[in-house]
Every structure is written in C-alpha cells, then in structure tokens.
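Dear colleague,

Please find below the structure that I am handing over to you. My notes on it follow directly after.

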Amino acid sequence: MQVNEYKPKIVAFCCNWCSYAGADLAGSNRLAYPAEVKVIRVPCSCRVNPMFILRAFQRGADGVILCGCHPGDCHYTSGNYYTRRRMALLFSMLEYLGIEKERTRVEWVSAAEGAKFAATMNDFVATVKSLGENKRLEDLRCKR
Amino acid sequence: MRKCSLSNSTALFNKIAENATLYIPVDLEKGRVAYKKYADGMKMSDALKTDRSAKDFFFPQTENLMEFKTEGKSIEIIDNRSEAEDFVVFGVRACDVKSLEVLDKVFLAEPVDSYYKNRREHGVIVSMACTRPTETCFCGTFGIDASAPKGDIECYKTDDAFYFNAVTEKGEALLAKLDGVTESSDEKAVNEQKEQIKKVLDKLPLKDLKADEFGADKTDKFFNSPEWKNLSEACLGCGTCTFVCPTCQCYDIKDFKTNKGVQRFRCWDSCMYSDFTKMSAGQPRLTQMERFRQRFMHKLVYFPTNNDGMFSCVGCGRCVAKCPISMNIVKVMKTLGGKNND
Amino acid sequence: MQKITREALIEKAAALLSEGKVDRVLGWKSGEFSYDVTPAIFNNVEEMQKDFVYGDFSGANFSKYLVKETKKDGKVLIFLKPCDTYSFNQLLTEHRFDREKVYAVGIPCDGMIDENKIKQAVGDGILSIVSESETVKVETLYDGVKELNRADVFSERCLNCKSKKHVAYDELIGEDGLVLDSNRFDEVAKLEKMTADERFAFWQNELSRCIRCNACRDICPACTCEKCVFDNPNSGVENKAAANSFEEKMFHIIRAFHVAGRCTDCGECSRVCPQHIPLHLLNRKFIKDINTFYGDYQAGAEVGSRAPLVNYTKEDIEPSEAVNRGDE
Amino acid sequence: MTNVKEPLIPTVCVITDIRQDTPDVKTFRVLTLDGKKPFIHKPGQCAMLSMPGVGEALFSITSSPTNTEYVEFSIKKCGCVTSWLHAAEVGQQITVRGPYGNGFPVETEFKGQDMLFIAGGIGLAPVRSVINYVRDNRANYGKVDIVYGSRSKDDLVFYKEIIDEWKNDPTVNVHLTIDREQEGWDGHVGFVPNFVKEVAEKFDEDKKAKTTAVLCGPPIMIKFTLQGLGEIGFNKEQIYTTLELRMKCGIGKCGRCNVGSKYVCKDGPVFRMDQLDALPDEY
Amino acid sequence: MQRIGVFVCWCGSNIAGTVDVQAVSDALGKEPGVVFSTNYQYMCSQAGQDMIKQAIKEHNLTGIVICSCSPRMHEATFRKTAAAAGINPYMVEIANIREQCSWIHKDMKEGTEKAIVLGRTAIAKVHLNTPLVPGESPVTKRALVIGGGIAGIQTALDIADAGFYVDIVEKKPTIGGKMAQLDKTFPTLDCAACILTPKMVDVAQHERIRIFSYSEVEHVSGFVGNFDVTIKKKARYVKEDVCTGCGLCTEKCPQKKVPNEFNLGMDNRRAIYIPFAQAVPKVATIDADYCTMLKTGKCGVCSKVCTAKAIDYTQKDEFIEEKYGAIVAATGFNPISMDKFDEFAYSQSKDVITSLEFERLMNAAGPTAGKLVRPSDGVHPHKIVFVQCVGSRCAACAEKGKEYCSKICCMYTAKHAMLTRDKYPDTDVTVFYIDVRTPGKQFDEFYRRAVEEYGVHYIKGMVGKVSPEGNKLIVQGSDLIANKQLKIEADLVVLAAAIEPDKSARPLATMLTASMDTNDFFTEAHPKLRPVESPTAGIFLSGACQGPKDIPETVSQAGAAAAKVIGLLSKDKLTGNPCVAHSDEMMCNGCSTCEKVCPYGAITYQDKEFRGPNRTTLIRRVAQVNEAVCQGCGCCTVACPSGAMDLKGFASKQIMAEVDAICK
C-alpha cells in the first residue's frame, strides 16, 4: 500500500516589490521548490498582521514564512524595519508559549534573489516537514 | 440514609466512576478550586465553592449546535451532536443546585432546549451542605437553605463520613449502585450538622439582606430609579459577573467557517457587553447604565415576573468575590432595596 | 515612607473642591466588607466623608476612567499612586483624555494587599481586616482573629513594584519615591528556562481556564479602543467565547501584542482575572524582550515617547536571532 | 406549539422567486425542498432565515397564512444577511426556522372589527400578511382602510399588488401617500401621520369605536400617528403594532430581546399599544 | 455576492505543460460565486482579452479571476480589459500559476492541485474586492537628474529638448563623469573628450537646464509628479556666477601637494582647482581639506590674484528646495578598490595600475601628457601584462570581488592593448583572460584586430600572483590552453578592475525609496519590459547605476529614461494608486500610533463630531489619510490596535480570506 507522504501546508507572505518578484524570478529560472508553498502577495511585509499568521495556523497551516525586502531596501523605506521588530517580538512570544519556533520564519529576499527564494522555501518546507503537523496552534474545527 | 466513611471515599468515587463520568471539586494551585473529571485516587476539595459553577456541565461556555455543508446553491444540515454520556457532579452546594432550577425554567420551558435537556437528563447532582459558608454568601436572601441542598442525591460530609439520601429517581438509581461501598445509617450526624450550619448562617454578614422589596411586577418601582447611574458608573462592562454566575444564561449563536463547511455554535454572551443588543437597526440599551440595569432588573424583577416569583439570583457570592471593581448585586439591592436593607 | 490617611485625602479634596479647582473626585468607595472597594465619583465632601476610603485595598488603577470622565463637563480630581502615573502618561501620549480637565494628586503607596492571599491564608468567613504597619489582623467567622505578615499578603504586583516615583501629577502629597530595581522579570526568566514542552503545558493549563469575560481587557488602561477587534464582526477575528485552546491563545497573544510597548506593567489584568491567570507574564515577556532587544523602555515614563513598536533602528535584531538566543 | 421540532435547528428551504419591489426591497418566495410551505403561521409572525456562514436574521412573514402554496419575505437591504439575500439568485437554498412570535389576534380581537391598516415604508411587510388574511376571510371583518406611505413612489413596497388587487377590491379603501411631490404622482403627498388623521377623522364616532388599527413603520411615524389617532379619539386598546428587536434565538432564551419582562420574540412581536405602554421605555 | 468569471491561461505550453488547465477551470467553476469558468491559449492576447470582455457582458460578471502569469506581468493588462468591458479594474485578481506554479513544479498532478488552490485563493479575495477609484494629483513639470556623467547629460538634454525644465545635480565640481577621464573609446577609437565636451557645453548653454555642480541631494519627499527635493550646494568658496574660469588662481595657489583625483592621484593639483580644461561649469573650487586660508585663516593668495573678485572664504553650504515631477538616477560607477587584491601587488608596486589609471596615462591631458611610462620611474615599459576580470565574475571571492561580469573590461583591454601596440610597436603586450566577451556591434572585429593586426598575446588563464622583483614585475599565471604555468617578467601590469555602483547610490536609493539589488545596482521595475524605471513611481534609471554598461548602451538607456520622463511630464494629472490606507472613523481612537509609522506623513488627525448615545454629540480625535500621499504599504494597518486602519485592495479580511483558502 502506498503511504501518503506528509505534506505540510505552508503560507508565504511576500512583499510585492522584492520577495514576490524574487519568487517570480525563481519561477522564471525554473528553480523548483515544493508545491506546498503558497504565496500571498502583500504590498509590504509590514502589511502582515500577527493576526494573519495566527489565522494561518488556526486554519491548518503548518508553517508561515514572511518574506520582505532586505532591511534598508524597503520600497516604502522603513516597512520591513517595523516588520522585523513586530515579528521578533511575536516569534519570541510564540516560543514563550511553547510553540515550535521553527514554524515561523522571516526571510529577506530581494527581487534579484530567485535562487535564495527557492532555497529558502526548500529549507523551510524541509524544516516544517521534520516537525510534523502543527498541533500546538491548531483549531480542530477547521480540519473537519 | 446511606453512609460511607471518609477513609473509604476512594472506593466510593471509584464505584461512582464505574457507572458514570464523575466530576469532583479539586484543589488546584494558588487556592483555585475546579471540578475535574475523577481519576483514581483523586482527592476531593473541601473548599466551599468551585471557581466556576456547576452551570458549565449543562450549559457549557461553547457548544456546537449543528454543521452545514454548502455546495453551489445547496445546503445540507448535519446534526452532529454526540450522544450525551451519563455523568455525576459531586459536591454541588445549595446555591448551585438552586441555580439549575433557575436554568430549567428557561431551557426546559417550551420550546424545550434539547441540548440542555439532554445533559440535564444524563447528569446526576450530588449536592452537599455548606458547613463553612463564607462572608460573601447570601443564599438565605432567596430562601435557599444551605444546610439542606436537594440535588438528585443529598450528601453531607462530616468529619468522618459521607451521608447520602436519594432525592430523585435518578439519585435513587445511582445510590442503589453504591450499596457495596455504603452502609445504612441514621440521620443523627446529619441533623447535628444541619443545626450547626444554621447557627453559622445566622452569623453571616449578609444574613440580613432582604429581597422582599424586589420580585414580580416591580418593574415600575425600580426601572427609573436615579440610583442606577451611580451604581453603574464604574462598571467596566466586562462579563465576569455573568460568566461566574450560576444562573446567567444569555447566549449568542454564531457561525464558524471551518475548512469544509460551517459550524453553528452557541456561546455564552453577556448582557453587560456593549454589543449584546446591537443590531443593524440600532441599539436599544445605549449606555452601560442600561445594560447594568438590565442585568439586575432581570435577576430581581423580570425573572420573578415570568416565573412565579422565583429570583434568578441564588446568592452564591461569586460575583461579589470576582467583580474587578467590586460592584455587585448586594450593593445594588442595598442601594435600591429601601428600608429593608438599610 | 509616611502612611497616607483617608482623612488627609479628604482634606485635600475638600480644599480643591472649595477653591473650585475641581468639580468632583474620582475615589475609592467602601463596600460591604473590608476589601471590596469600588471606584466612584464623589461630588462633595459629605459624600466622601460617608463612603470614601483609602487603604490596603485601594489598588484599582483609575487612569482609564479619565477617558470617560474628561468627556464630561468640569474638572475631576484623581489620586494617583506611583504606578498609576505611568498609565496616566501613556494615555496622555495616546491622546486618550483631556489633561486640562484633570487635577492629579500624586499619593505615595507602600503596596496594596491581595484579598485572595488573605482568603487563602485564613480561609472562609472573613469578618474584618485591620491593617497595622507590619501585620494584618483578620477576624474570621470560624477561627477568631489571625495575624498575618503584611509582606505575605501583598499583591503580586506590589511585591515586584517597579517604581515609587510619580511621573505625572499636579500636586504631590508626601515625598516622591524612586524608580526601583525590581525583580519583576524573574518569573518570565524562569519560564524561558523551561523546555518548550514545559512552557506549552504551563500556558495550556493557565489559558484553558479563560472564560473570556474580558475583565483583563476592560480594566486595562492600554485597551481603550473604541471597539476591540475581538468585538468587531468586521475584523475577521471577532469571537465571544474561546471555543478551543487556539482561540484562547489567539486572544491573549493578540491582546498582549496590541499593548506591547504601551503596557506600563500596572498588573491590573492579573489582579482582576476571575480565573487567576497570570496574564502579566505575557505582557512582561514583551517588556522584557523589548528591553533586551531594543534597550530599556518604560511605557508611560514620559509623555510623548515613541514606543518601541513604532520605532526601529537599522541594526535591530532579526526575528530568527530573537528566538534562538537560548540555543547556545 | 406549531411545527417547531428542534427549536434551533432549521430546515433547508429554497428561494423559488425573487421580486424587486423597490430599489432596496426584494420579496423572496420560499419553499421547502419538496415544494411545500415551510410552516403554518399566523399573520404578524416572524421566521428566522439564514445562510450558514453569513448569519441568521429574523424577518416578518409577508405572505398571508391563507396562501397555501408558499411563504414570502419582503426584505430591505440593511445589514449583512440582507445584503447577502439581495445578491442571491433563484434556486439558492437557505435555512428557515420558525414561525416565531404571537402574531396578530386575527381570530379573536380583530374579528368583526373595522380594520385600519397604517404602514410606512417597509413597515407594510408584516401588515400585508394581515391585510391579505382579512381580504381572504372578508366576511369576518368590517370595513377595511389601508393608509400606506413611503418616501417616494419608487419606495412603495408591493406597489403592483396594491394597484392591481387592493385598489380593485371594492371592499377595501386604499389611501396612498408619498413624502414629497414627484413627477408622475397624482396621489396624496404628505407624511403618514397627518394623512392617517385626515382619513380617520372622517370616520363617524361609531366607526371609530369599532375600528382596530394596525400600525407598523419607523419609530418616528409610530409616535406621531399614535398622537394623531389619540387626538381624534382612538384608545390605545384599539391600536396594535409590531416590534422587531435584536432577536437571536427566537425562542425567548438567549436573553437579548426583552423589554422589561416581555420577550419580543416570544411575547411579541405584536403588542397592543396599552400593553406596550406598560413596558419600560427601552425599545 | 459576486458573479465571478474565471479565466485560465495556458500560456502556450508554459502553463499547460505542467498544469491541467481544463481541470483547473472545471474545479474553479464549482466554487461559490463563480458563474463562468474557461481556459484559453493566451489570455493576454487580443482574442483572450475579447473573450474576457464578452464573458463579462454575457454573464454579467462583477469579479474576474485570471489564472495566468505573475500579476507583475499582466495585472495592468487585465485590469484595462475589465475596465473596457465596464467593470471596475480593481475587481480583477490574478492567480499566479506560471512563475509560482507551472514553472517550478514538474509533476502535472501537483501543479494542477496547486493551481486550483491558487485560483480558489484569488476567488476568495475577489469575493471581498470592492470597486476602487484612484485619486488624481497634478504633475510638476520639472525633472531632476542626479549625476552629471554621460548618462545624466544625455537624459537631461533629451528631456530639455522636449520642452521640460531639468536640473542636474552633480557632486563633483564639474559634470562629465567617467567619460571625461577616458582617452579613446572602443570600438571606433574616437577621442572621448571630442564627443563628450560638446555635449557638456550644450548642457551648460541649454535654457531649460540648470546645473547644480558640487551639490548633493539632501532630502526627498513626496511622490510621483510631486517630489519635494532639498539639494545641498556645497560651499566651493568661489562665486560661481562671478568666476570666469581664467585659472590664474589655480596656478598661484601655494598649496601644490593635493592628489589630483581626476588623474587618479597620479599627479597633484592645487587646493583651488578646476578639474580639467573643459570642465563645466568652468569655475574654480577650493578644496577645504587642503586650503591653508580656510584651515588657518592665513594665505588668501587666490583672493588676491582673482581679478573678478570671485573668491569668498565665508561661503556656506546652501540648501535649495525645488519641486520635481520626475527624478532620474544617473549615479554611475567606479572601479572597485584593489586593496583586497594583494596577489596582484597593487599596493606594493606603483607599476601595477588599474585600467582607468592606464587610461589617464595614455591621455594627452593626463599626468604624463599622453606618454606611456612606468609610474615608478618614468621609464618606457617594454613588456605590459593586462589582467582581465580582476574582481569580476568572482563567485568564489564574493567578499572582495563581484559575482557579476563588469561587461566593459574585455573591450577596453583590447583597446588599451591595441593603442599600446599602435603607439609603441616595441612594447610587447600580453592579456590574461577567462573569456573574451565581444557581443556588440563591431566588437568582435575590434578584438580580432588586436590579436591579428596588432599581435597582442591573448592567454586564456588567470594570473595567480604578481611580485615585484627589482624594477620588474614577475607575473605568474596559467595558460589553460597550453596547460602550463607561465612566469612572465613585465614592466607594467594593468588590472581590469571590476566596476561597482557609486557609493552615493545606496543612500540615494533610500531617500528615493527605490529598491536596489544586492550589488547596489538600482532595480528596474521589470528587467525586460521596464528596464529604465525603478519600481518606485516617478524614479527613472539612467546609465551604469542600473548595471554595467558601455557608452553606447548608456547613451541609449539615457535617452530611453528621458523618453519615460517626458511621457510622465507631458501629463497634466496623474491618477494615483487607489490601494491606499483608509481609517474607519467609528473605530479609530485617535491614539497616533499609525501616524508614527507612516513613512510618508500621510496620516493626520482631526477632532470630529460624532453622534453619541441619547442624542448627545461627542468630539473625537480621528485619523485621516491623505490619499495622494499614501503609497499603500499598510504599515499603519498593523500598528493600529483597534483595526480601524485598513488598506484598500489588501484589506485584512481579504488577506485572511486568502489565508483561509490556502489552508483549506
């Protein structure tokens, strides 16, 4: 019998200017990464509310990654600096609550870094896969 | 009357747990007391009250009503209630026993709330007299006898034994199953305890609080009292009093979109919340004063009006202990209650 | 530190009322027992003489009431303990009340008592609580008078008092204190040292008791939104009662996050929680992280300061570093 | 009780017809999946319609119980559920539970009475149910006057039915009014309260005494109409109205729709004016 | 409830190759609200767009989902299509099933499943889309060109010739840039000065061009069409409008030991100087770091000799504020520093020089008046070794070099070799190369001439080490074709140093909020379709600041950038981005948090009257967003704890709906 391979659900928030373009570049260069990764385009990483991240976990995501322009490169000058603070605090809080810190990540990917985007996603999916299903921030109702 | 020595209590609880899921009050860290599902060897708390009342067993904080699956334009309703299992709640005090009577008036009135009814039918209440009522207790105000609560089985715990008496058929059936761990007994010790309790009740600081001024058809007398404004001034509009209250039963029905369908559930709501009565057409209770008034008018006037004079406060004192700003029904009654409560 | 008496405060209020400097007084009103003190508005000295109290149970932080009070006509007198002044400033920073309509009298505080600790110590049936300098005498229905050490029944937050200094007032009664070196982060540090599994179990146990009464939010001086996102059907996260452990966490994480950098650590959330959830440990975690990552910051220490979450430096710690500090 | 089985569990029904009555009012015809009426009701009762995931809301039943084929709801677009319904198409399934409330006492107090129906705007929705009930049981009632007004001609709900059927019914007097002059309108112009007074003033004392008024509309209209009717000698015992307040469960348990000790969803929504007066002022 | 149409594009086989487009359109057709679903070979084609327009009309669609390539590619196209069919363009959402699906997944099943999820996600979003109408803002008809090299010069001239005003900001005392330092240009070997200086004069004389030389951009705010720029005109202590450029002061100045940067420090200039004879503006500048008068207050020679009385030691930096409609970055390049390349002995021997230094050595106006001599001893070199790719294409040595190809080195090295051999046939020339890249018009012919006609020795291989030995340089390298190690005794070694963007580019990019790549080259809005625009609206790119370029390429890009600027400035009004922040006044508590994080200052506060309970009036402080200033980053939406702030087009509910759809 065929054993179903565990396929994590990964939500990737990508800023429109750098990381989404980086993801596009990965595509243009045919750099493969797992299909489990689904990208949501946001204007800037600073548009990502911690609520969205928790929402993703509630809805059954096993990992959430947030990609933005490199610090200093934000299309909106300073958006990713705020993102960095917000996420540093949020992730630290999640860890404090005993939630696996590997399930959340922030990565800076520029429009020119298609290869980095693909490599990041490959690595992130592998990390989340090794953690298994998200049990600590799940809402069982959603899985029904 | 049946008796079971305290030294034998583990056997007693194990026996009950064989027949049904047993919940007993348990001491937790930092003085917390809560009902816990009994597991072998668990020690029962001697505390007067659990932090949350026995209401939770029959009217839980959230409960699924049904599920929907939708596809295209069609809808399918799935009634996915699980079969309720028999359960026993041990050590329910007089006030909480009475609170179930209050809830019954609401949920078992036509049209019957089958969710509540189902649980009520499957639950056996073992009540317990209060040997050490505390300063916030005022069940006597509403005619409740803390020395003789009447659950399905009444229970008295003395220094060395539990004494049981079946009150209802359900209680009898359960008690019969406990024959092996109980023995027959006279009522001497119990009567002594009752006397003792009565003496204590007479010393409680709130023993003189009277509800006579309140009751059915007193709406006009209190509704427009100027005191409501001062009383409600500091109210935060949180739901603490309503959620720790054993008789508050307001609820909301909400839909939750799951990944596959929609779950309709109900959850506790509070008349103290600013959006409780909000609707697209407007808000009939605009300020906290109106919401505050609603809660106490309901307990002291509206409910008695609709239920033959029965108050929907049982004097358990939880709100007195828990209100963040220490405003409570006792202060309301004393302020509004005129000469009787001076 | 000198003990402030009820009479001294009434005298002060009487003077201000008669001078016409204030029109009413926001103060503590006595209750049924020794400890159930209620915030109340006093319109004249007579009302104060009747019901006004100030003592070991006057812990409530009144700052938030100013949002509502300053919308009314006239000027209100408020008594501020040192920790209250931080909330006072924070609310001012956020333009939440009209400073012109408030006369703030700073009063010293040597710590408030937690009635729950007394109840735990003496059991049921408390008839009276009389406070002395080092001890508290409690008369109970069952065991007569018991004497407790004040230090043993101090509120948790007062044991970790961060400051005896008033950072805002129009007038001060008594002498001002100092900002203290508190050990308030010890508990957080203890949790941080646990394994992830232990922490998870700890919080699961704590948060699962939440009944979503919103007392923590409604008392919080930082939570002064017109409408909380958790009450707003359009926010997409509205919920009334936590249906499961996820929603419990969601509410408390987001609430803590929303007040991160704005929370003055007044401790009201934990004080009012009917389920005794140590909510301050969530807020303190953020405060501790902020201090570690971005340098010491005390919300409310000064009016108009820029909170850490609305600020940045180019060299800020990366989120990955923030969560991996303990690994080495 | 009526045919309510599990009070909170609805029945799946289907929208079989949608009629645009005014720019913001649509009338929905609802049947069970096997093509029957979802329930038997009394005029003035309400039912809870819902789309899972969107919400549940209470609407008055606009069709008359004498209609044996279907029930209808006339719904004004104003909130979340109503907006969704307005966007729905024929064939869409919805859930229905009810009917709820007491309804008008058509078989008791109203019998043998002359009827004066007064409605403003969407307020005609619950009243239409009674009007048609009365028309279908014509022998049981005396004379019928209908005073109905709206902001403009386009906002008159059931305009076609009013013109084609009610106006052509010789046993019914229809008095229409709109708030402001409008091209293509040669009828009465003015607010409902004044118009009612004009119409009812002409009643002789005898008729006034045996007339029962049914009143439904926006609060301001109700206030002034009551005042007007009072001035020309109507008693509060002769006037009925219907409230629609913040109902959630529909069965008097969830705790939000009470006015004093009365639950609108259970003890109402129809109240006689004197009963309403006895309730505290919180509606 | 929306009536949604779904259009799945095959993109030829680009999508259809790994995604079963039929299955996707079938599956999405069953989603709630979807009333029409189809697939087609090329949705972006005229036929595809017509199909969309027709479906909108036939099915009365209110929302459109296109499953196709990246929205960065064709979102605008399809929005226009929708608008043409009468529905609001912002009711269109794109599911990116090419770049983020078909191109990265090989398995048909996997690709199809993912495409369906992405489609559903877009549908979920469209359900919550609302029609958006962009605001309008006026256009200031003046352009700013930052950098006065050949790129900036060309851009400025083209814009000015089209009738618009242009200001050039150049940080050096003269415009001209790198090209002014060059001797001859490849492949035509015409003299750089001969073709550049007339253009410099054209700029100076153009009635619509102003030159701010010795100036820097200090601050930029505003947005496309409406930039507010502060320019710092550095004090040059010479009155620009008075100085005649006679040059007398530069001869009399007693401070003679100032390294001459124009000649790359190979000779000296005075403390007061004119960089070169054809400088524009031809005005002297006092180098404050060296001027004795400015440092000690004693000297004043230049002032004494200046008959025009142009010297002003009290001059201060001047700040000029000007409004611009468009900004062109033309900040150019520099050779990288050779400090880290110890193996080539650059810092040990004066006779190891860079190509740009060689350029000056060969230049008639250079330090040796065009005579090729060794910098160390002035002796004519008989053996020269050119080393190519020093720091270029240096993937393994990223910490000191660059990963990219600097593009111009092959050609200028061929030029240098050829010119050397032409002028000094007795000099033996060897070039070490990795690859010789000659993909330009007449380029390969040029290179072949160097090899075949001029007898330049080209050796494929890298130089491992250069070590000075006496007055010789021992060059150790490998010949990959002969497969042997070489040891060459050379008199002069010329390093073709990699080029990198000017250091001023990064702080400028930050000011302009224009993005950069990891190498600090400006990023273009699209590498192929919008190569001369920055993603930031109103910012254009000219020359090597966008990537390594030779002169013809630079000039053509400069012209292209000018064309884009002209296109922008010729509009009277700009329609803005409607995806801006919006504050729900009923929810706002006026706490000022959002204002603090807004990078554009788009948020202000106002006390407004609201209806309170019981017919009372409340005055509340609430946030207001200036839609013309807001750029739609959404930072405020997260800062706002009450959720009063939301972003149109990327509303919280929309993003959450997307999250839900993905996690289903």
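**Findings**

Strand E21 (residues 383–390) of chain E and strand E27 (residues 492–497) of chain E pair in the parallel sense over five bridges. Please bear in mind throughout that this is a predicted model.

Within E27(E), E:Ala497 is the bridge partner of E:Val390. E21(E) is also joined to strand E22 (residues 428–433) of chain E, again by five bridges, and these two strands run parallel. There, E:Ile384 has E:Val429 of E22(E) as its bridge partner. E21(E) is mostly covered, with seven of its eight residues buried.

Elsewhere in chain E, one loop residue may be of interest. E:Tyr214 sits in the loop between strand E10 (209–212) and strand E11 (215–223) of chain E. Is E:Tyr214 buried or exposed? It counts as buried, because 21 C-beta neighbours lie inside 10 Å and the threshold for that class is 20 or more. Leaving aside residues up to four places away in sequence, E:Tyr214 touches E:Lys172, E:Pro173, E:Lys233, E:Lys234, E:Arg236 and E:Thr285. E:Ile175 stands 39 residues from E:Tyr214 along the chain, and the C-alpha atoms of the two are separated by 9.1 Å.

I turn next to the contacts between chains. Eight pairs of chains are in contact, and of these chains A and E share the most contacts. In this pair, 45 residues of chain A are in contact with 44 residues of chain E. On the side of chain A that touches chain E, two or more residues come from each of helix H1 (19–28), E2, helix H2 (50–58) and helix H3 (79–96) of chain A. H1(A) gives the largest share of that side, six residues. By class, the side of chain A that touches chain E has 24 nonpolar, 10 polar and 11 charged residues.

One residue of chain A illustrates this pairing. A:Val39 belongs to strand E2 (residues 37–42) of chain A. A:Val39 is buried, since 26 other C-beta atoms lie within 10 Å. Not counting residues up to four places away in sequence, A:Val39 touches A:Ala12, A:Cys14, A:Tyr20 and A:Ala23, together with E:Gln100 of chain E. A:Cys14 is 25 residues from A:Val39 in sequence, yet the two are 6.6 Å apart in space, C-alpha to C-alpha.

Chain E is also in contact with chain C: 19 residues of chain E meet 15 residues of chain C. Helix H17 (593–597), strand E33 (617–625) and helix H19 (652–663) of chain E each supply at least two residues of the side of chain E that touches chain C. That side divides into nine nonpolar, seven polar and three charged residues.

Two pairs of chains without contact should be noted as well. Chain A and chain D do not touch, and their nearest C-alpha atoms are 13 Å apart. Nor does any contact join chain C and chain D, where the closest C-alpha atoms lie 10 Å apart.

Finally, I draw your attention to a helix of chain B. Where does helix H10 (residues 288–306) of chain B bend? The bend, of about 60°, falls at B:His298. H10(B) is mostly covered, as 17 of its 19 residues are buried. Just after H10(B), B:Asp308 takes a positive phi of about 50°.

With kind regards

Terms used: Residues numbered from 1 in each chain as written. Chains lettered and ligands numbered in written order. Predicted model: local features only at pLDDT ≥ 70, side-chain atom pairs only at ≥ 80, totals over all residues. Contact = placed C-beta atoms within 7 Å. Bend = angle between axes of the 7 residues up to and from the residue. Helix = DSSP H or I, 4+ residues; strand = E, 2+ residues; numbered from the N terminus. Buried ≥ 20, exposed ≤ 12 C-beta atoms within 10 Å, placed from the backbone. Nonpolar A, V, L, I, M, F, W, Y, C, P; charged D, E, K, R; others polar. Pairing = 2+ DSSP bridges.
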